[in-house]
Amino acid sequence: WKKMPKIRYLGNAILSLLTKIASGYWKVADFQCGYTAISYKAFLEIQSEKIYRGYGFPNDLLVVLNVHNLRVKEVSSSPRYHVGERSGIRLWKVVPRLSFLLFTRFLWRLKEKYVIRDFHPLVFFYLLGILLFPSGSIYGLYLLLYRIITGPVAPTSALFAVFLTISGLQSLFFAMWFDMDYNQGLN
């Protein structure tokens, strides 16, 4: 972290967190370094899957490896900056594309790993959290705007928004906890 430019470090940290959630590899630290190696056995096992070929390849590869219950190992490497390189990444293009890729592959992993191949109740917690947290947040924002523009809000409405938001967050945290526990042997 001392060698990386601070804005890249921040972007890498956010992208790594999103990739941990999408891939299920909770103990891998850096998904964006670009160094990737795969065993021939693992390659043969995943060769039927379509892996994203653009920026986001390592993120998508990890999702596929997790669905196939394959172990990964992180190898430390030292970043090199300020050696004449110029990044070709355009954030306004990459961020939406990679966010969409991670979200869709996360849903694909849940379906493949926890519904089709082996059922696990964490799917219900993730789905409940994905539904309740945004609903409660949007409803709470609506009530706040209503309060500012129009006037008082019924206390039960505010409590309902808080209940939805907290229940959604709690469901997401339980799902992540179950996911970490289930995939512990793959790191």
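**View 1. Salt bridges of the predicted model.** Five salt bridges are counted, a salt bridge being a side-chain nitrogen of Lys or Arg within 4 Å of a carboxyl oxygen of Asp or Glu. The model is predicted, and local features need pLDDT of at least 70, side-chain atom pairs count only at pLDDT 80 or more, and totals for chains, interfaces and linings use all residues. Residues are numbered from 1 along each chain as its sequence is written, and side-chain values use heavy atoms, with hydrogens and water left out.

View 2. E49 and R117 form a salt bridge with their closest N and O atoms 3.9 Å apart. This pair links distant parts of the chain, 68 residues apart: E49 lies in the loop between α2 (40-46) and α3 (57-67), and R117 in helix α4 (residues 91-117). Helices are DSSP runs of H or I with at least four residues, and strands are runs of E with at least two, numbered from the N terminus. R117 also meets the side chain of E112 in a salt bridge, at 3.3 Å from N to O. Salt bridges link E49, K111, E112 and R117 in a network. R117 is partly exposed, at 42% relative accessibility, whereas E112 is buried, with a relative accessible area of 13%. Buried means under 20% relative accessible area, exposed over 50%, and partly exposed in between (1.4 Å probe, protein chains only).

**View 3. The salt bridge between D60 and R105.** The side chains of D60 and R105 meet at 2.5 Å, N to O. The two residues are 45 apart in the chain and link distant parts of it, D60 in helix α3 and R105 in helix α4. Both D60 and R105 are buried.

**View 4. Surroundings of R109.** R109 is in helix α4 and counts as buried, because its relative accessibility is 0%. Leaving out residues up to four places away in sequence, R109 touches I21, A22, S23, G24, V63, N66, V67, Y114, D179 and N183, where contact means heavy atoms within 4.5 Å. The side chain of R109 reaches the backbone oxygen of I21 at 3.1 Å and the backbone oxygen of S23 at 3.5 Å.

View 5. Helix α1 (residues 6-23) has 18 residues and reaches 25 Å from its first C-alpha to its last, close to the 26 Å expected at 1.5 Å a residue. The expected span is 1.5 Å times one less than the number of residues. The buried residues of α1 are N12, L15, S16, T19, K20, I21, A22 and S23. G24 follows α1 and has a positive phi, near 90 degrees.

**View 6. Helix α6.** The end C-alpha atoms of helix α6 (residues 155-182) are 40 Å apart, which agrees with the 40 Å that its 28 residues should span. Its buried residues include S157, A161, L164, T165, G168, L172, A175, M176 and D179. An α-helix has 3.6 residues a turn, so residues three or four places apart point the same way.

**View 7. A nonpolar surface patch.** L141, L144, L145, I148 and I149 form a nonpolar patch on the surface, with about 540 Å² of accessible area together. Patches are made of residues with over 30% relative accessible area and no salt bridge, with like charges joined within 9 Å and nonpolar side chains (Val, Leu, Ile, Met, Phe, Trp, Tyr) within 5 Å. Accessible areas come from the Shrake-Rupley method with a 1.4 Å probe, and for residues only the protein chains shown count as cover. L144 is in helix α5 (residues 122-149) and is partly exposed, at 47% relative accessibility.

Conventions: A polar contact is a pair of N or O atoms within 3.5 Å; within protein, one must be able to donate a hydrogen and the other to accept it, and residues adjacent in sequence count only if both atoms are side-chain atoms.
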